[in-house]
Amino acid sequence: MPSDTLTITDNRTGKTYEIPIADGTIRATDLRQIKTSADDFGLMPYDPGYMNTASCRSRITYIDGDAGILEYRGYPIDQLAEHSTFLEVAYLLLYGELPNQAQLQDWTNRVTWHSMLHENVKKFMDGFRYDAHPMTMFVSTVAALSAFYPDAKNISDKENRHKQIRRLVAKAPTLAAFAYRHLLGRPYVYPDNDLSYTGNFLNMLFRRVAEPRYKPNPVLERALDILFILHADHEQNCSTSTMRMVGSSQADPYSALAAAASALYGPLHGGANEAVLTMLREIGSKDRIPEFIKKVKAGEGRLMGFGHRVYKNYDPRAKIIKRTADQVFEATGKNPLIDVAVELERIALEDEYFVKRRLYPNVDFYSGIIYQAMGFPTEVFTVLFAIPRTIGWLAQWEELINDNEQKIGRPRQIYLGARTRDYVSMDKREAVIA
Ligand code: SDX
């Protein structure tokens with residue numbers, strides 16, 4: 001009868017070890033017993049970039065990269081995008097089940113209640129230069145909220161944690177809108193709690209000062225809601241792993257989320273949607289695509305918005321975003337860059353370089369084209385990713401706090417540097433070759 005174990009023979013010693021297999025994994029600490037002598041530290045797995053390392057057990061988001069499957073708490077992303085709303089999905093990610101009508105209404109009221117920012121936050125934001133990148137403002141201001149809510153340090157109290165979670169879900173759009181208005185040199189627009197989550201966001205972004213009440217375009221309001229659903233969580237990506245790492249030291253959720261948002265800012269992660277627009281603008285027209293592809297294949301840059309650590313198939317979110325683009329263009333007029341993007345995708349999907357490396361469009365390939373058509377400057381695109389991902393980061397943080405297996409994150413290393421050597425007096429030193 002085959003057993004769920006791995007038999008390892010250490011050819012250095014001839015010894016054999018039985019390592020238990022559970023959930024398709026072995027425990028890294030089980031390798032420590034494999035030694036060549038009593039004072040040997042024992043074996044460690046070495047996995048730069050965590051290409052093949054599970055960091056936690058989770059029940060929030062399931063991805064099958066080969067099949068191109070994405071499910072939130074077991075619900076397929078395309079069904080949620082079609083039938084749900086972002087706030088309902090936020091509830092699902094955090095609590096694990098879809099809310100009934102009363103629960104959804106209560107959750108919506110309790111989140112909406114927190115959409116305002118302390119007046120001092122405006123002074124904090126006014127301290128940035130006129131051209132400060134909105135993502136820098138978002139990261140800094142989220143961290144600053146830690147000083148406005150010192151009770152957030154009490155992470156062992158569940159109701160206190162959930163109050164901070166509701167505050168962050170509610171304030172993320174307000175922070176983002178204030179950063180956008182700062183970039184344009186326009187006065188801040190306060191939340192209108194009679195509007196939906198995305199309707200209020202559009203209000204705080206685009207309401208003209210003379211306008212008594214803002215009426216969001218329902219097509220854009222719904223398109224943004226779908227985009228927020230698609231960006232809400234994605235299991236243990238770079239920024240979520242950062243949220244978990246910082247959360248593992250029992251830092252408050254504002255400090256941990258600021259770190260997660262910093263990780264998202266990178267062009268290989270959430271910064272890719274901004275980089276895609278820059279790339280499409282540089283290409284400019286369909287006839288210049290072959291020249292661009294040639295440069296990418298020569299290693300002179302990347303096809304931004306393509307490729308994924310997990311998806312080795314079409315990112316299911318990209319398909320839905322591409323469909324949503326057509327609805328947005330009916331309201332905003334077609335973004336001409338969509339033709340360049342569609343042709344770029346067609347050529348890339350037929351090219352051996354991309355096919356061999358299983359590089360497909362990811363969530364960032366088409367999202368920026370929609371955002372630009374909706375009137376957002378590219379500097380705001382990554383903030384538009386951070387807003388919905390706030391609930392994903394927080395749901396994963398909540399799961400970490402409740403996971404008795406988790407400890408403070410502290411990886412090991414392979415040390416290659418110099419070992420024990422005596423201090424050298426200044427008169428005996430050679431110039432350092434940096
Ligand atoms: C997000 O993890 C998540 O879930 C993230 C995310 C989420 O929701 O949280 O899905 C959001 O971050 C999406 C990804 C957005 N980033 C981009 O679009 C930037 C462009 N893509 C890449 O830089 C890259 O594909 C990554 C970063 C997304 C994945 O990188 P990996 O898994 O480390 O793969 P790799 O860099 O080792 O690449 C493998 C090969 C290499 O070629 P060889 O060295 O084998 O010859 O594929 C090549 C790479 O050069 N390659 C690309 C490429 N991506 C990988 N070549 C050209 N263009 C690309 N985009």
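**Entry 1: the ligand shell.** I began with the residues around the ligand, and they divide into 10 nonpolar, 7 polar and 6 charged. The model I am reading is a predicted one. In total, 23 residues surround the ligand. I noted the closest of them: His 234, Arg 302, His 308, Arg 309 and Arg 317.

Entry 2: Next I looked up backbone atoms facing the ligand. Leu 268 has a backbone N or O atom 2.9 Å from a ligand nitrogen. For Leu 303, I found a backbone N or O atom 2.8 Å from a nitrogen atom of the ligand. I then checked how much of the ligand is covered. Taken alone, the ligand exposes 1000 Å², and the protein buries 76% of that.

Entry 3: I moved to strands β1 and β2. β1 covers residues 5-10 and β2 covers residues 15-20. They pair in the antiparallel sense, over 6 bridges. Asp 10 stands opposite Lys 15 in β2. The two strands form a hairpin with 4 residues between them. In the turn, Gly 14 has a positive phi of about 80°.

**Entry 4: aromatic pairs.** How many aromatic pairs are there? I counted 19. I picked Tyr 149 and Tyr 254, a stacked pair with 5.5 Å from centre to centre and 25° between the planes. This pair links distant parts of the chain, 105 residues apart. Tyr 149 sits in the loop between α5 (134-148) and α6 (158-184), while Tyr 254 belongs to helix α10 (residues 253-264).

Entry 5: I then looked up Tyr 371 and Phe 381. Their pair is tilted, with 5.6 Å centre to centre and 55° between the planes. Tyr 371 is in helix α16 (residues 363-373), and Phe 381 is in helix α17 (residues 381-401). The two residues are 10 apart. Tyr 371 is buried, since its relative accessible area is 0%. Phe 381 is buried as well, with a relative accessible area of 0%.

How values were computed: Residues are numbered from 1 along each chain as its sequence is written. This is a predicted model: local features need pLDDT of at least 70, side-chain atom pairs count only at pLDDT 80 or more; totals for chains, interfaces and linings use all residues. Side-chain values use heavy atoms; hydrogens and water are left out. A residue is near a molecule or strand if one of its heavy atoms lies within 4 Å of it. A polar contact is a pair of N or O atoms within 3.5 Å; within protein, one must be able to donate a hydrogen and the other to accept it, and residues adjacent in sequence count only if both atoms are side-chain atoms. Accessible areas come from the Shrake-Rupley method with a 1.4 Å probe; for residues, only the protein chains shown count as cover. Ala, Val, Leu, Ile, Met, Phe, Trp, Tyr, Cys and Pro count as nonpolar, Asp, Glu, Lys and Arg as charged, and the others, Gly among them, as polar. Two strands pair if DSSP finds at least two bridges between them. Rings of Phe, Tyr and Trp (its six-membered ring) pair if their centres lie within 6.5 Å; planes under 30 degrees apart count as stacked, over 60 as edge-to-face and the rest as tilted. Buried means under 20% relative accessible area, exposed over 50%, partly exposed in between (1.4 Å probe, protein chains only).
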